[in-house]
Amino acid sequence: MKTCGKLRPALLRVLLAAAGGAGVFLAFPEFDLAPLAWVALAPQILAARGLNLKGYFWLGWLGGTVTNLGGFWWICGMLMDFGHMSLLLAALLTLLLCAYQGLRFALAFPIACWFRNNTGRGWWLSLPVAYT
(Lines give C-alpha, C1' and ligand atoms only; values in the text may rest on other atoms or scores of the structure.)
Protein backbone atom coordinates (compact mmCIF):
# COMPACT_ATOMS: atom_id res chain seq x y z
CA MET A 1 0.00 0.00 0.00
CA LYS A 2 1.29 3.45 -0.88
CA THR A 3 1.98 6.07 1.76
CA CYS A 4 2.20 9.86 1.44
CA GLY A 5 5.74 10.80 2.59
CA LYS A 6 7.45 10.21 5.98
CA LEU A 7 7.19 11.63 9.50
CA ARG A 8 7.93 9.42 12.52
CA PRO A 9 7.25 10.54 16.10
CA ALA A 10 3.71 9.59 17.19
CA LEU A 11 3.34 12.40 19.74
CA LEU A 12 4.34 14.97 17.14
CA ARG A 13 1.71 13.54 14.79
CA VAL A 14 -0.98 13.81 17.47
CA LEU A 15 0.00 17.39 18.33
CA LEU A 16 0.05 18.45 14.68
CA ALA A 17 -3.35 16.85 14.01
CA ALA A 18 -4.79 18.59 17.08
CA ALA A 19 -3.22 21.89 15.97
CA GLY A 20 -4.82 21.49 12.56
CA GLY A 21 -8.19 20.88 14.18
CA ALA A 22 -7.74 23.89 16.46
CA GLY A 23 -6.79 26.03 13.48
CA VAL A 24 -10.09 25.26 11.80
CA PHE A 25 -12.27 26.39 14.70
CA LEU A 26 -10.05 29.41 15.41
CA ALA A 27 -10.81 30.64 11.89
CA PHE A 28 -14.51 30.98 12.71
CA PRO A 29 -16.30 34.09 14.02
CA GLU A 30 -15.93 33.90 17.78
CA PHE A 31 -12.14 33.90 17.46
CA ASP A 32 -12.06 35.86 14.17
CA LEU A 33 -8.78 34.53 12.82
CA ALA A 34 -10.27 34.09 9.34
CA PRO A 35 -6.96 34.09 7.42
CA LEU A 36 -6.04 30.97 9.39
CA ALA A 37 -8.64 29.06 7.37
CA TRP A 38 -6.28 29.04 4.37
CA VAL A 39 -3.58 27.08 6.21
CA ALA A 40 -5.41 25.49 9.15
CA LEU A 41 -5.22 21.92 7.86
CA ALA A 42 -1.56 22.09 6.85
CA PRO A 43 -0.32 20.73 10.23
CA GLN A 44 -2.78 17.86 9.99
CA ILE A 45 -1.66 17.00 6.47
CA LEU A 46 1.96 17.11 7.62
CA ALA A 47 1.14 14.86 10.58
CA ALA A 48 -0.33 12.18 8.35
CA ARG A 49 2.61 11.98 5.95
CA GLY A 50 4.01 8.48 5.67
CA LEU A 51 0.95 6.75 7.11
CA ASN A 52 -1.35 4.29 5.44
CA LEU A 53 -5.07 4.93 4.96
CA LYS A 54 -5.86 3.68 8.46
CA GLY A 55 -3.43 6.21 9.94
CA TYR A 56 -5.03 8.96 7.88
CA PHE A 57 -8.41 7.93 9.27
CA TRP A 58 -7.30 8.12 12.92
CA LEU A 59 -5.47 11.44 12.58
CA GLY A 60 -8.37 12.85 10.59
CA TRP A 61 -10.73 11.75 13.35
CA LEU A 62 -8.58 13.39 16.01
CA GLY A 63 -8.39 16.67 14.09
CA GLY A 64 -12.10 16.58 13.33
CA THR A 65 -12.96 15.92 16.96
CA VAL A 66 -10.80 18.85 18.10
CA THR A 67 -12.42 21.07 15.47
CA ASN A 68 -15.87 20.16 16.71
CA LEU A 69 -14.94 20.53 20.37
CA GLY A 70 -13.88 24.09 19.59
CA GLY A 71 -17.09 24.76 17.73
CA PHE A 72 -19.55 22.97 20.00
CA TRP A 73 -18.10 23.82 23.43
CA TRP A 74 -21.41 25.50 24.31
CA ILE A 75 -23.37 22.23 24.05
CA CYS A 76 -22.05 21.17 27.47
CA GLY A 77 -23.48 24.25 29.18
CA MET A 78 -26.75 23.89 27.33
CA LEU A 79 -27.14 20.29 28.46
CA MET A 80 -26.42 21.33 32.04
CA ASP A 81 -28.86 24.27 31.96
CA PHE A 82 -31.75 22.84 29.99
CA GLY A 83 -31.18 19.09 30.40
CA HIS A 84 -30.39 19.37 34.11
CA MET A 85 -27.39 17.11 33.64
CA SER A 86 -24.27 16.92 35.75
CA LEU A 87 -21.06 18.40 34.36
CA LEU A 88 -19.60 14.93 33.88
CA LEU A 89 -22.56 13.62 31.87
CA ALA A 90 -22.89 16.82 29.83
CA ALA A 91 -19.15 16.81 29.03
CA LEU A 92 -19.28 13.12 28.07
CA LEU A 93 -22.23 13.65 25.73
CA THR A 94 -20.55 16.71 24.20
CA LEU A 95 -17.39 14.69 23.59
CA LEU A 96 -19.44 11.89 22.05
CA LEU A 97 -21.19 14.34 19.71
CA CYS A 98 -17.88 15.92 18.69
CA ALA A 99 -16.27 12.52 18.09
CA TYR A 100 -19.22 11.57 15.90
CA GLN A 101 -18.97 14.83 13.95
CA GLY A 102 -15.21 14.28 13.64
CA LEU A 103 -15.90 11.24 11.48
CA ARG A 104 -16.38 13.56 8.52
CA PHE A 105 -12.69 14.50 8.75
CA ALA A 106 -11.81 10.86 9.45
CA LEU A 107 -13.35 9.80 6.15
CA ALA A 108 -12.10 12.77 4.13
CA PHE A 109 -8.40 12.31 4.90
CA PRO A 110 -7.97 8.70 3.69
CA ILE A 111 -10.12 9.44 0.63
CA ALA A 112 -7.91 12.44 -0.13
CA CYS A 113 -4.77 10.32 0.27
CA TRP A 114 -6.17 7.68 -2.07
CA PHE A 115 -7.20 10.35 -4.58
CA ARG A 116 -3.76 11.97 -4.36
CA ASN A 117 -1.93 8.66 -4.84
CA ASN A 118 -4.08 7.54 -7.77
CA THR A 119 -4.38 10.80 -9.68
CA GLY A 120 -1.11 12.54 -8.88
CA ARG A 121 -2.98 15.68 -7.82
CA GLY A 122 -1.78 17.68 -4.84
CA TRP A 123 -3.45 18.22 -1.51
CA TRP A 124 -4.82 21.54 -2.78
CA LEU A 125 -7.29 19.54 -4.89
CA SER A 126 -7.48 16.16 -3.15
CA LEU A 127 -8.73 17.32 0.24
CA PRO A 128 -11.52 19.62 -0.99
CA VAL A 129 -12.73 16.91 -3.39
CA ALA A 130 -12.73 14.30 -0.61
CA TYR A 131 -14.35 16.56 1.95
CA THR A 132 -17.25 17.49 -0.31
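His84 is found in the loop between H4 and H5, where helices (H or I, at least four residues) and strands (E, at least two) are DSSP runs, numbered from the N terminus. The model is a predicted one, in which local features need pLDDT of at least 70 and side-chain atom pairs count only at pLDDT 80 or more, while totals for chains, interfaces and linings use all residues. Residues are numbered from 1 along each chain as its sequence is written, and side-chain values use heavy atoms, with hydrogens and water left out.

Most residues other than glycine have a negative phi. His84 counts as exposed because its relative accessibility is 69%; exposed means over 50% relative accessible area, buried under 20%, and partly exposed in between (1.4 Å probe, protein chains only). Asp32 also has a positive phi near 55 degrees and is a residue other than glycine. Asp32 lies in the loop between helix H1 (10-26) and helix H2 (42-48), and with a relative accessible area of 59% it is exposed.

His84 follows H4, and this helix (residues 74-82) has Ile75, Cys76 and Leu79 as its buried residues. These residues are on the same side of H4, because they cover an arc of only 105 degrees around the axis; the arc is that of the directions from the helix axis to the C-beta atoms. Asp81 and Phe82 are exposed on the other side of H4. Helix H5 (87-101) is included in what covers the buried residues of H4.

Looking at the whole chain, the secondary structure comes to seven helices and zero strands, which read along the sequence as α-α-α-α-α-α-α. The C-alpha atoms fill a box of roughly 50 × 30 × 25 Å, taken along the principal axes. Of the 132 residues in the protein, 38% are buried. Contact means heavy atoms within 4.5 Å. Among the contacts with a separation of 6 or more, 62% come from residues 24 or more positions apart.

Two of these helices, H3 and H6, have axes that come within 6 Å and cross at roughly 145 degrees. Axes here are lines fitted to C-alpha atoms, for helices over the stretch in contact, and angles run from 0 to 180 degrees between N-to-C directions. Is the crossing of H3 and H6 left-handed or right-handed? The crossing is right-handed; a crossing is left-handed if the near helix is turned anticlockwise from the far one by less than a right angle, and right-handed if clockwise. On the H3 side, the residues making the contact include Tyr56, Phe57, Gly60 and Trp61, and on the H6 side they include Ala106, Phe109, Pro110 and Cys113. Thr65 also lies in helix H3, and at 13% relative accessibility Thr65 counts as buried. Leaving aside its neighbours within four places in sequence, Thr65 is in contact with Leu95, Cys98, Ala99 and Gly102.

The aromatic rings come next. Rings of Phe, Tyr and Trp (its six-membered ring) pair if their centres lie within 6.5 Å, and planes under 30 degrees apart count as stacked, over 60 as edge-to-face and the rest as tilted. By this rule the count comes to eight aromatic pairs. One of them is the tilted pair of Phe57 and Trp61, at 6.3 Å centre to centre with 45 degrees between the planes. Phe57 and Trp61 are separated by about one helical turn, because they are four residues apart in helix H3 (residues 53-71). Phe57 counts as partly exposed at 23% relative accessibility, and Trp61 counts as partly exposed at 25%.

Phe109 and Trp123 form another tilted pair, 6.5 Å centre to centre and 40 degrees between the planes. This pair links distant parts of the chain, with Phe109 in helix H6 (residues 103-119) and Trp123 in helix H7, 14 residues apart. At 1% relative accessibility, Phe109 counts as buried; Trp123, in helix H7 (residues 123-131), counts as buried at 16%. Ring pairs link Tyr56, Phe109 and Trp123 into a cluster. Leaving aside neighbours within four places in sequence, the contacts of Trp123 include Ile45, Ala112 and Arg116.
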